[in-house]
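Thanks for asking me to look this over with you. Here are a few friendly notes to read alongside the picture.

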Amino acid sequence: MGNTAKYHNWVALPLRTVTLDGPPFSVPRYLHLELGRQTQRSVARFRLHSHALRVETRCWEHHDGTCDKCGLQAIQDEKQALSLCRCTQMCSLRLQYADLFHYLPMAHKITVNQTGAFYFSQACSEDVFNFFQKQTNDNPIVLFQSLWRLF
Ligand SMILES: [Zn+2]
């Protein structure tokens, strides 16, 4: 999936029909929060594919883009890093911010150890979209600052 298609399927704000009731889009709650400059930057990097995940670095580092953090042999992209990657650090990070993942299907949640660290066995574009669009809590997406330290 190209970056333009990923942007539109995963993080773009969906437009609705223009009505008198309000704007033709719904802005996710986290975009209204005072996140701080570093967190805003981290979230923007994820949304705009401006990062060092292997799906991007394969263009200039000459590798196949598969994840080097786990043995999954899947392309390390935003969906894989956020939901599917089985590396211990990322599973623990998901546990630390577990309240951010409750929009993903719990039927696919796999717990890896007694701490409760987890990954998801499956994820689709809709899951990434829901992760961004449906966050309602006041604990903003600070997960991304830690995520960029791992990847
Ligand atoms: Zn991985």
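This is a predicted model: local features need pLDDT of at least 70, side-chain atom pairs count only at pLDDT 80 or more; totals for chains, interfaces and linings use all residues.

1. Helix α2 (residues 37–47) and helix α7 (residues 143–150) have axes that come within 8 Å and cross at roughly 65°. The crossing of α2 and α7 is left-handed.

2. Which residues of α2 and α7 make the contact? From α2 come Gln38, Thr39, Ser42, Val43, Arg45 and Phe46, while α7 supplies Phe144, Gln145 and Trp148. Sorted by class, the contact of α2 with α7 has four nonpolar residues, four polar ones and one charged residue.

3. Now stay with α7 and ask which of its residues are buried. They are Leu143, Phe144 and Leu147. Looking down the axis of α7, you would find these buried residues within an arc of 85°, so they line one face of the helix. Their packing partners are α2, α4 and α5 (88–96).

4. Finally, please look at Asp68, which sits in the loop between α3 (54–61) and α4 (78–84). Is Asp68 buried or exposed? Asp68 counts as exposed because it has 11 C-beta neighbours inside 10 Å, and the cut-off for exposed is 12 or fewer. Along the chain, Asp68 and Leu53 are 15 residues apart, and their C-alpha atoms are separated by 9.9 Å.

Key
Residues are numbered from 1 along each chain as its sequence is written. Helices (H or I, at least four residues) and strands (E, at least two) are DSSP runs, numbered from the N terminus. A residue is buried if 20 or more other C-beta atoms lie within 10 Å of its own, exposed if 12 or fewer, and partly exposed in between; C-beta atoms are placed from the backbone. Axes are lines fitted to C-alpha atoms, for helices over the stretch in contact, and angles run from 0 to 180 degrees between N-to-C directions. A crossing is left-handed if the near helix is turned anticlockwise from the far one by less than a right angle, and right-handed if clockwise. Two residues are in contact if their C-beta atoms, placed from the backbone, lie within 7 Å. Ala, Val, Leu, Ile, Met, Phe, Trp, Tyr, Cys and Pro count as nonpolar, Asp, Glu, Lys and Arg as charged, and the others, Gly among them, as polar. The arc is that of the directions from the helix axis to the C-beta atoms.
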